[in-house]
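Please look over the sequence and the structure shown below before reading on.

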Amino acid sequence: MAKTEKKRLVCIRCGECCVRSTPALHGPDLPLLVDKILELQCLITIREGQPVYDNLAGTARPAPGEFVKIANLGPGAGCVFHAPERKACSVYKNRPLECRAQKCWDEQEMRALMGRDMLRREHILAGQTELLEFIWKHGRRVSWPRLGPSLRAFWEHGETDAQARVIEVLEADVSARRELRERFGKTTGEEMFFLGAPVQEVLRSIGIRVREVGDRMFLRVLARDR
Ligand code: SF4
């Protein structure tokens with residue numbers, strides 16, 4: 001008879017979940033922002049339609065709606081609050097709801113939280129009308145759901161019209177990030193929270209490189225060059 005593997009029922013603080021992914025924030029996490037335990041430069045906004053990796057499903061898909069999550073230190077480098085040498089969390093006593101629900105031996109609690117009462121920028125920036133209007137304007141001009149068909153047309157058929165549409169959006173994104181710094185005095189570290197990941201960075205993560213020649217931009221599908 002095959003030996004039955006013993007099921008783990010407690011957290012042994014191996015830190016694997018803190019390296020693999022970072023938590024999205026929910027309504028009950030808002031006091032952590034009000035009390036400045038979580039600062040804006042530690043957050044990243046995932047905008048509706050942005051291609052994201054779904055950890056539970058193990059596949060990439062467009063985000064069904066906006067949510068805000070804790071940033072990581074780089075691809076595969078783990079949560080900004082994770083201290084790998086001590087296998088510790090620097091905000092452990094005040095860790096977000098998803099971190100409390102995370103049990104690598106039982107996904108039930110995490111699954112129940114998914115998509116429920118998600119914190120969005122409008123909750124965190126409540127009352128900051130001018131800034132919110134600027135954010136919504138960026139969302140309309142740099143819209144992932146609208147960018148999707150042009151990206152597919154360029155990726156699949158190399159259509160030059162589609163390339164031009166993507167570049168127009170890219171330029172609008174670059175210009176909005178400059179305006180965020182110059183008009184609102186926000187730092188580069190906070191930019192990922194206010195406007196989400198730069199379009200150029202997301203394109204690179206899905207295999208499209210942006211080349212700048214003089215003051216013009218061109219796209220190149222990396223997979224086609226292999
Ligand atoms: S906030 Fe703490 S517990 Fe949560 S993923 Fe980051 S390091 Fe891990």
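The domain bounds used here come from an automatic or database domain assignment. On that basis the chain is divided into domain 1 (16-120) and domain 2 (125-225), and the centres of the two domains, taken over C-alpha atoms, are separated by 23 Å. This is a predicted model, in which local features need pLDDT of at least 70 and side-chain atom pairs count only at pLDDT 80 or more, while totals for chains, interfaces and linings use all residues. Residues are numbered from 1 along each chain as its sequence is written.

**Overall build**
- The chain has eleven helices and eight strands, where helices (H or I, at least four residues) and strands (E, at least two) are DSSP runs numbered from the N terminus.
- Along its principal axes, the C-alpha trace of the chain spans about 60 × 55 × 30 Å.
- Of the 226 residues of the chain, 21% count as buried; a residue is buried if 20 or more other C-beta atoms, placed from the backbone, lie within 10 Å of its own, exposed if 12 or fewer, and partly exposed in between.

- The contact between the domains takes 14 residues from domain 1 and 13 residues from domain 2, with two residues said to be in contact if their C-beta atoms, placed from the backbone, lie within 7 Å.
- On the side of domain 1 that touches domain 2, the largest share, four residues, comes from E1.
- By class, that side of domain 1 has eight nonpolar, four polar and two charged residues, where Ala, Val, Leu, Ile, Met, Phe, Trp, Tyr, Cys and Pro count as nonpolar, Asp, Glu, Lys and Arg as charged, and the others, Gly among them, as polar.

**The nonpolar cores**
- A nonpolar core is a set of buried Ala, Val, Leu, Ile, Met, Phe, Trp, Tyr and Cys residues joined through C-beta atoms within 7 Å.
- The largest such core has 23 residues, and those with the most contacts inside it are Leu43, Val68, Ile70, Phe193 and Phe194.
- H9 gives the most to this core, with four residues.
- Domain 1 (16-120) and domain 2 (125-225) both give residues to this core, so it lies between them.
- Phe193, leaving aside its neighbours within four places in sequence, is in contact with Leu40, Leu43, Ile44, Thr45 and Val68.
- A second, separate core of five residues includes Trp144, Leu151, Phe154 and Val166.

**Helix H9**
- In helix H9 (residues 188-195), the buried residues are Glu191, Met192, Phe193, Phe194 and Leu195.
- These buried residues pack against strand E1 (43-46), strand E4 (67-70), helix H6 (129-141) and helix H8 (160-184).

**Around the ligand**
- The residues around the ligand include Cys18, Cys79, His82, Cys89, Arg95 and Cys99, a residue being near a molecule if its C-beta atom, placed from the backbone, lies within 6 Å of it.
- This shell divides into nine nonpolar, two polar and one charged.

**Positive phi values**
- Most residues other than glycine have a negative phi.
- Arg13, however, has a positive phi near 55°; Arg13 is placed in the segment before helix H1 (16-20) and is exposed, with 12 other C-beta atoms within 10 Å.
- Asp117, in the loop between helix H4 (108-113) and helix H5 (121-124), has a positive phi of about 50° and is partly exposed, with 13 other C-beta atoms within 10 Å.
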